Amino acid sequence: MTPAVGQPMDRVDGRPKVTGSARFSAEIPLPGMAYAALVGAHIASGRITSIDAREAEAAEGVLAVLTHENTPPIVAQPPLIPSLAGTAAPGQTFFPLQDDVVHYAGQHIAVVVADTHERAQHAASLLHVRYAEEPSVTTLDQGRDLARVPEAIFGGFMPGRMSRGDLRKGMDEADVRLDVTFTYAANNHNPIEPPATTASWEGGELTLWDATQGVTSTQQTVAALLGLPVSRVRVVGHYTGGSFGGKAMIWHHPALAAIAARAVGRPVKLALTREQMFTSMGHREEQEQTITLAAAGDGRLTALRHHKLSPTSHFDEWAEPSLGVASQIYGCPHYEGEYRMFRANTMTPTFMRAPGEASGMFAMECAMDELAERLGMDPLELRLRNITAIDPMTGDPWSSWGLEECYRRGAERFGWAGRDPRPRSRREGHWLIGTGMASAGYPVAQPVTPQRARARLYADGTVLVQAATPDFGTGVATAMTQVAADALGLPVERCRFENGDTALPQIAAAVGSAGAGMISAAVHTAAAALRDALVARAVADAESPLHGADPKSVELRDGRMVLRDDPGTGETYAEMMHRQFLPDLEALGSWTPDPGANGHALMTFGAQFAEVAVDADLGLVRVRRMVGAFAPGRVLNPKTARSQLMGGMIWGLGQALLEANRMEARTGRWAASSLGDYLVAVNADAPDVEVELVEVEDTVVNPLGVKGVGEIGQVGAGAAIANAVHHATGRRVRKMPITVEDLL
Ligand code: MOS
């Protein structure tokens with residue numbers, strides 16, 4: 001039987017999604033449903049002096065108006081709210097409706113509950129709020145002088161300052177030095193599905209249907225906020241309509257839905273509006289990065305300095321870790337990195353696809369392109385002279401690498417060889433044509449808690465595999481069906497994966513591209529344990545043809561347990577179970593990664609190539625084609641993996657050319673708050689995108705050697721485009737996104 005892993009199997013959730021039978025969290029029908037509408041603060045800083053709710057309360061169908069004056073206090077006090085790693089999660093250290101202070105525009109200040117969605121929305125507009133406004137700080141220009149270097153960033157996972165070697169020495173050794181500063185607009189998550197929660201109480205038991213990257217995160221956070229034992233909170237999230245990091249942290253609405261449902265004694269549905277998504281689920285922060293590259297005449301980097309400046313909220317020290325991959329991908333001996341941040345009147349920024357890696361590698365890889373030009377060297381050749389088989393920060397070897405092969409295969413497929421390096425050297429009519437490339441890297445994140453799954457075989461020979469994880473569009477349910485089928489020696493048609501429910505074995509929130517690796521480890525472990533239990537029963541059964549055989553000599557072939565050396569001798573699972581009167585048999589699997597990775601550094605590598613056409617008169621940029629080559633370890637399903645990588649690359653295009661938000665300094669509000677103002681790449685923007693999968697074996701990361709594909713597609717994609725824009729036009733635009741105005 002051909003292994004199912006590695007086959008481009010169609011998505012198991014394709015049919016329910018296309019036919020509409022898939023139920024998302026805002027589509028759960030419950031008797032007596034009430035609807036909640038959120039009201040956001042109109043000011044960015046200050047106090048609420050009064051809220052007059054009389055008109056709203058008198059409106060037709062209104063069941064409750066919750067404000068800081070009547071909302072019961074939350075039980076868990078920040079920063080005690082658990083998260084991904086058991087410590088306070090960024091964005092979860094603040095909870096609204098607890099006092100009259102306004103920290104940012106859009107902060108939830110009231111929840112209006114009514115018997116229909118429309119009535120709740122209407123009543124929300126009838127609230128009369130008075131404020132005492134104070135000056136706000138929201139932009140880089142306002143906060144620059146307030147910035148300082150924090151102890152740690154990114155929820156405490158990364159230090160505020162990093163170094164290796166002796167920067168001064170490295171600068172002195174250099175023949176060439178380059179100082180460049182890049183600026184980045186803020187980005188907002190815009191998955192198709194707005195975040196939504198449906199909450200229902202029965203006695204003291206709470207059930208939430210929540211759109212999330214991790215049902216267990218919602219469960220733990222809401223239980224802590226409301227002071228409930230975790231066992232009294234069940235969270236279901238079968239389908240989540242895209243997330244990209246925006247539904248990784250547990251924002252305020254799931255607990256508010258639970259509080260509202262308790263207040264009105266009815267189930268409550270709470271969905272964010274598109275506009276509220278810009279102020280209620282984090283964002284990628286506006287930032288500025290300065291890079292100094294120092295190199296010897298042969299291109300070898302001697303020193304790298306990388307600084308980042310960004311705003312954080314008043315309650316969390318968040319900066320996306322933009323220095324990470326950029327500090328590790330090349331073997332430069334002398335390094336210094338520093339985050340500077342200042343407190344601003346925004347909500348806490350958060351994970352957004354390739355959080356930090358995409359922005360940091362944009363600066364790094366554009367700077368490398370400038371350095372190549374300065375040295376008169378091919379950009380790809382410059383990278384080849386600097387790559388490293390060991391992590392220069394720790395000295396540990398990569399558990400698997402493949403970067404050179406990514407360059408080679410990507411360059412071949414793209415047709416990089418023979419490129420004329422001179423800017424403006426290619427023209428087609430009024431279009432200037434340019435090509436560019438960049439390296440890509442994304443860390444392999446490992447969970448800190450055990451990942452669990454259960455496999456249950458029924459007497460009809462079908463298997464059910466269960467794990468709590470939602471599938472937020474990644475294809476995890478499909479890939480896990482394949483993993484289970486292989487471990488049990490069954491065809492995929494006889495395997496079913498059930499997921500998205502805290503009643504099932506626990507899986508951490510799938511963040512940092514870790515889902516495929518950690519969930520496949522749990523599923524594989526459970527299914528292999530079940531297979532072993534079945535074989536043990538067969539060899540112990542006097543009536544089995546396998547009776548007395550060494551379990552190690554038994555293998556699975558076409559759904560039968562057979563002797564390896566005598567495949568004619570054996571039986572099916574179903575035959576044995578029937579004889580033993582077993583209705584089913586199940587096994588649990590639990591997997592925890594080796595925290596030291598057996599002395600290895602973990603990273604996924606890739607290479608990006610892009611060709612653009614720039615209208616010489618109008619400055620319009622059209623990306624004509626992109627090629628990405630990636631080495632993500634074992635690919636569970638090449639169809640869903642390719643989709644992930646293509647999606648990442650197209651997001652890189654959006655980041656390079658389209659996606660932007662900025663704060664209005666005067667009001668402290670976002671300039672864009674709809675898909676009309678905030679531009680996301682659509683099909684018409686997407687060029688011909690090719691994905692090349694480079695095989696590397698990884699025996700360290702997890703049982704199947706899966707490094708993940710969720711985010712690396714985006715890393716370097718923007719830099720390849722920016723470098724191509726320079727090649728086409730001769731203009732260095734050191735900002736994201738590059739707009740028409742920059743090229744006029
Ligand atoms: Mo991903 S942006 O780490 O959820």
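Helices here are DSSP runs of H or I with at least four residues, strands are runs of E with at least two, and both are numbered from the N terminus. An axis is a line fitted to C-alpha atoms, for helices over the stretch in contact, and angles between N-to-C directions run from 0 to 180 degrees. What you're looking at is a predicted model: local features need pLDDT of at least 70, side-chain atom pairs count only at pLDDT 80 or more, and totals for chains, interfaces and linings use all residues. Residues are numbered from 1 along each chain as its sequence is written, and side-chain values use heavy atoms, with hydrogens and water left out.

Let's start with a pair of helices. Helix α10 covers residues 357-375 and helix α17 covers residues 717-729; they pack at an angle of about 35°, and their axes are 8 Å apart. Who touches whom? From α10 come Met-361, Phe-362, Glu-365, Cys-366, Asp-369 and Glu-373, while α17 brings Gly-718, Ala-719, Ala-722, Asn-723 and His-726. Contact here means heavy atoms within 4.5 Å. Sorted by class, that's five nonpolar, three polar and three charged residues. For that sorting, Ala, Val, Leu, Ile, Met, Phe, Trp, Tyr, Cys and Pro are nonpolar, Asp, Glu, Lys and Arg are charged, and the others, Gly among them, are polar.

Cys-366, one of the α10 contact residues, leads us to the cysteines. A disulfide is counted when two cysteine sulfur atoms lie within 2.5 Å, and the count is zero. Cys-366 is buried at 3% relative accessible area, and Cys-332 is buried at 1%. (Buried is under 20%, exposed is over 50%, and partly exposed is in between, using a 1.4 Å probe and protein chains only.)

Most residues other than glycine have a negative phi, and most peptide bonds are trans. Leu-97 has a positive phi of about 65°; this residue sits in the loop between β3 (62-67) and β4 (101-102) and is buried, with 3% relative accessible area. Phe-244 also has a positive phi, near 60°, in the loop between β13 (233-236) and α7 (253-264), but Phe-244 is partly exposed at 32%. Finally, the peptide bond from Met-736 to Pro-737 is cis, with omega near -5°, and Pro-737 lies in the loop between β32 (735-736) and α18 (740-743).
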